[in-house]
There are 4 protein chains.
Amino acid sequence: MLKIAVVGATGYTGKELVQILLRHPHARPYYVTSTSFAGQKLSAVYPQFRGLCDLTLEELDLKKVAACDFIFAALPHGTSVKLVPQLLQTGKKVIDLSGDFRLQDAKLYPKWYGYEHTAPELLEQSVYGLPEVNRREIANATLVANPGCYPTGTQLAILPLLAEGVVESNDIIIDAKSGVSGAGRTPKQAFHFPECTENFKAYKVTGHQHIPEIEQGLSRAAGHPVTLLFTPHLVPMIRGILSTIYVRLKPGTTETLISEIYQEYYKDEPFIRLLPPPELPETKNVSSTNFCDLAFSFDRRTGRLIIISAIDNLVKGAAGQAVQNMNIMMGRPETAGLQ
Amino acid sequence: MLKIAVVGATGYTGKELVQILLRHPHARPYYVTSTSFAGQKLSAVYPQFRGLCDLTLEELDLKKVAACDFIFAALPHGTSVKLVPQLLQTGKKVIDLSGDFRLQDAKLYPKWYGYEHTAPELLEQSVYGLPEVNRREIANATLVANPGCYPTGTQLAILPLLAEGVVESNDIIIDAKSGVSGAGRTPKQAFHFPECTENFKAYKVTGHQHIPEIEQGLSRAAGHPVTLLFTPHLVPMIRGILSTIYVRLKPGTTETLISEIYQEYYKDEPFIRLLPPPELPETKNVSSTNFCDLAFSFDRRTGRLIIISAIDNLVKGAAGQAVQNMNIMMGRPETAGLQ
Amino acid sequence: MLKIAVVGATGYTGKELVQILLRHPHARPYYVTSTSFAGQKLSAVYPQFRGLCDLTLEELDLKKVAACDFIFAALPHGTSVKLVPQLLQTGKKVIDLSGDFRLQDAKLYPKWYGYEHTAPELLEQSVYGLPEVNRREIANATLVANPGCYPTGTQLAILPLLAEGVVESNDIIIDAKSGVSGAGRTPKQAFHFPECTENFKAYKVTGHQHIPEIEQGLSRAAGHPVTLLFTPHLVPMIRGILSTIYVRLKPGTTETLISEIYQEYYKDEPFIRLLPPPELPETKNVSSTNFCDLAFSFDRRTGRLIIISAIDNLVKGAAGQAVQNMNIMMGRPETAGLQ
Amino acid sequence: MLKIAVVGATGYTGKELVQILLRHPHARPYYVTSTSFAGQKLSAVYPQFRGLCDLTLEELDLKKVAACDFIFAALPHGTSVKLVPQLLQTGKKVIDLSGDFRLQDAKLYPKWYGYEHTAPELLEQSVYGLPEVNRREIANATLVANPGCYPTGTQLAILPLLAEGVVESNDIIIDAKSGVSGAGRTPKQAFHFPECTENFKAYKVTGHQHIPEIEQGLSRAAGHPVTLLFTPHLVPMIRGILSTIYVRLKPGTTETLISEIYQEYYKDEPFIRLLPPPELPETKNVSSTNFCDLAFSFDRRTGRLIIISAIDNLVKGAAGQAVQNMNIMMGRPETAGLQ
């Protein structure tokens, strides 16, 4: 059994990690840290763990981290960038679930994340943890940057088509909708129940920090720079992201070809489900799973293809994908603990 | 006080109509019909009306309709087309809240509504009841086709820009999200609470019946045919529609110009609220009101304009707009009963 | 038109007050204060007021309060007790919506509210604002203590039976369930959307500060001390309180008698709706109204009577009842602005 | 691996059974039946099963049932009573999840379930499947009647105190609150999303069919007949039951004694969690688990004890407890597949 450190175990991502690891056949949560709740049982913060996990939250101690076999950093962006270099000095492999090591170009951080990157040398070393794309690099990585929730659902939807060059790469619109857990565990006015239920809205229009991450992944797939429009929305539900994506097909591309491309690209993927028409993804069908459900529809009238993807933002969009990456990095079956 | 007939008073639209009319200074619900609940008090079907409305639901009787001063038909599409010709024979003005008299081209009905139109002569006569566009025609109309919920929020968002010719009319994408009351009052699997809460999905992708209605309105504004892409989604909330609309600006169009166009177009409109940046529409801010909130944002990176509109689907998207139209048709202050 | 001061206009109660006053035929919000948001438009804090209310929030200035015709204090308990004495010095009538002037016995405050009462002389002067009980005293009062949300729904349910002496006064159990707006507008962990939706729980078991208020009212009605058990619960919805109340009938009391007592007691009350069996109160039927819906059921098997009441916690449980009291105090029709 | 038949696999209980069995180390769903959906894949009815369960729903065929190792009947009450006798003829052990074999007295069925029991001889044979009480009988049973959702949460809360004789057995009030999945999968007006969300109500006051089941269990524990009052309520959430229970302590019973009784009674129980004061059960903490969380509070003022229990109505209240029973009946570890 791998002894796992979860650095930052009380945010929603950290909690989901612990929950998945408790069911994992080859790993178990062993050391959990928290700045705010150090000294308390994890089950005091999340009573659902009572009787299932008896760990006590501790202040971060690198010696104790070093005694573990594998490290997850589930910290806010801006914090990870400072701590991950220290975590790596333990010599153990690290998966960082923040955005701090996802962008290869350090110059993007001031604009999109609001800070100067202090460990740019790690950006080259870090591997982007989307197994459907980077499985081999992940297997050999020491530091994996686990993808963001929106970037996971959207890249999985568009990547195959860009890789095959069948869609216009300069005309991509992503209209994404997320449950509220995506905003984290800290109470804020906008997420106060009476403000948030029975309400729907867009936010961070044109300025969400996941934009450069999606563009980076799609550009790599396309082989040339991709610029896209991304609009996130807040849905009054706990979990789930549905992304509705509008792309333009290149002349001569048929629906049959699109279908074949997806089937070929994802034929061996354990967590991608291509829905047969006329089925459409719904967030509840992937809730608390590591699946990404995909479907597409061609609008003859406008010549556009609509691609829809659904994931659970906390699982395939965070903790589940992180465990999938850990499985790959540690030579375990990729689906272990995830089904 | 105008005596009002509500034909079909037990659907959500009919109920909302009665509710608004109960507060109206110049009108009152007088005759309410229902096929399924005839013989029962309206307050037995909707107990919130107890003590507020003592009307008994009746089977439709044209003589009794004729004794009223004004008629609302709040019936399912396919039913209105058969009954409205009879209602008009009373000589009273009629507002139809279904889709049956909204499309001028009868040939569109088989494709989009699934039936052959049996009163095509009324399509010419009927006036499309979007007061911000057609106020004068509405004032003189005998039959007003009250706009659909999605078409109201989306046309109000795009019309001014098409009318001024500052956006490309062949590249419009509407990603719309509606509360569940838009699906009506009849229980169905998809709207069963445990299926519907904690879930988000798209539906009727590329095939929603509101598409030709929106295109008709926008084409009229543009002066030439407009074809667009429209994707509706279901939000786990009761009321509200948020539409996120993606258009491409014509070369040379500035944000300032866009802002001026909206302000000029809507400067005297009592129910349009243009939000100052960086505010964005949220459905709760228009809930149970007749307002349409509008904002836009220009994405420099992709050259697209994002327009966001929010309405209450049952008020500005149905019953409220119908009362607004009634006020216009009957020479009452346009905002009477709506503030 | 009465010029109204709302001291503390940005909590949910203050907001609801403004909303009701905007529709009031004889009053209008004129002066609104806020410590946290002074200098901002009320419509900046609550965008639904855009176009409806142009008032700017101000720091409390007693001279400006004095220029109004009537004062509502919608402040947290512990704050009202300090400010209301100053508000009364303006010579204007005051309704306080906190718990600070509801209990006649100052000695109860340390135990139930956690502070020493600093204006005990006002406790004698203040009138408890439950119009169905105290209408005359309210009419002549200078200071009215507006009842709490739970106390309103529960007292209205039990009072008539205790006043007639047909139930045992030492065996009353109240199991109450409230929407989340009852917890106020300040974001807290327990009311963070992902914690609060899809969850149900009891809170403050045996220790809620509304217990002595309910007992005081019932004791007055019974003519002797009443002690009861009260358990509040949190429902994942915005508005509404349903109270399920268990009492034991005195020997010889029939269901018919119970029914007659309620009908006699409430026969002229505009805001009490007695539901005919087998109808039962539901919170949605009173949502955004000043109604209290009541029904009862006798359990032959155990000899207990179950009484169920439903109110909107922000309307009849707070702002609506406050306006009802204002109408009484200022000689306006009691239902003005409330239907 | 035990081959499992789930007769009636498309209701919420049947679906939950399949979901649990898919993760079970010693069993797997093998044969699934449905009258309404025969011929379709289970994953067509519940798309979350796509990629996880490839079974096709079939019409009930007793030969195919007989080829399985174990049978669950997850049918509506009134249907089970007709089919279970046939299922038993296969010679395999059966767990029935309906109410049809829970009451030992056949004469109670007409009053509480509305039908004459047609297999009264099986009532004697059937064992009531509450493992915390009947573990040994369950181990030897051929037919187990799986407890109802409300009866599970409430009996577990009260049983130890009645068994020890420390509470008055003629003064028990249960105020229970359930999520909407308890009402089943068939769409009905009351459970239509717009009617059901933002609403709270009681239902079946004094007449719920679970009353005799709870009384039967408690009477057995007490050693004499127990009559109680039970009021169920509907909470706008999918899963979970919280029961707030009011009992009167016998003279001389201390809180310490109560605490000791619970700890002794449940000391070896894997699925009972006694919460240390001041923690209180919340439905989210047991969501999708087989736990029953319990806490109590003594109200000195009224001399009553308040006991609160929380379960997931579909797991410990139905499918999870059924699997727990299967484990016992088939000699597997009791917690297999449930943690």
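The model is predicted, so please read the values below as computed from it. Chain A holds an open sheet of six strands, and chains A and B bury about 3700 Å² between them.

**The sheet in chain A**

- The six strands of this open sheet follow the order 2-1-3-4-6-5, and their pairing is parallel.
- Strand 2 (27–33) and strand 5 (127–128) of chain A sit at the edges, each pairing on one side only.
- Further in, strand 1 (residues 2–7) and strand 3 (residues 70–73) of chain A run parallel and are joined by four bridges.

**Extent of the interface**

- On the chain B side, 45 residues are in contact with 45 residues of chain A.
- Of the roughly stated total, about 3700 Å², 57% lies on carbon and sulfur atoms.
- The residues of chain B that lose the most area to chain A are B:Glu198, B:Phe200 and B:Arg301, which together make up 19% of what that side buries.

**Polar and charged contacts across the interface**

- Between chain B and chain A there are 12 salt bridges.
- B:Asp175 and A:Lys177 form a salt bridge, with their closest N and O atoms 3.0 Å apart.
- The side of chain B that touches chain A is made up of 21 nonpolar, nine polar and 15 charged residues.

Note on methods. Residues are numbered from 1 along each chain as its sequence is written. Chains are lettered from A and ligands numbered from 1 in the order in which they are written. This is a predicted model: local features need pLDDT of at least 70, side-chain atom pairs count only at pLDDT 80 or more; totals for chains, interfaces and linings use all residues. Side-chain values use heavy atoms; hydrogens and water are left out. Two strands pair if DSSP finds at least two bridges between them. Helices (H or I, at least four residues) and strands (E, at least two) are DSSP runs, numbered from the N terminus. Contact means heavy atoms within 4.5 Å. Buried area is the accessible area (1.4 Å probe) that two parts lose on being put together, summed over both. A salt bridge is a side-chain nitrogen of Lys or Arg within 4 Å of a carboxyl oxygen of Asp or Glu. Ala, Val, Leu, Ile, Met, Phe, Trp, Tyr, Cys and Pro count as nonpolar, Asp, Glu, Lys and Arg as charged, and the others, Gly among them, as polar.
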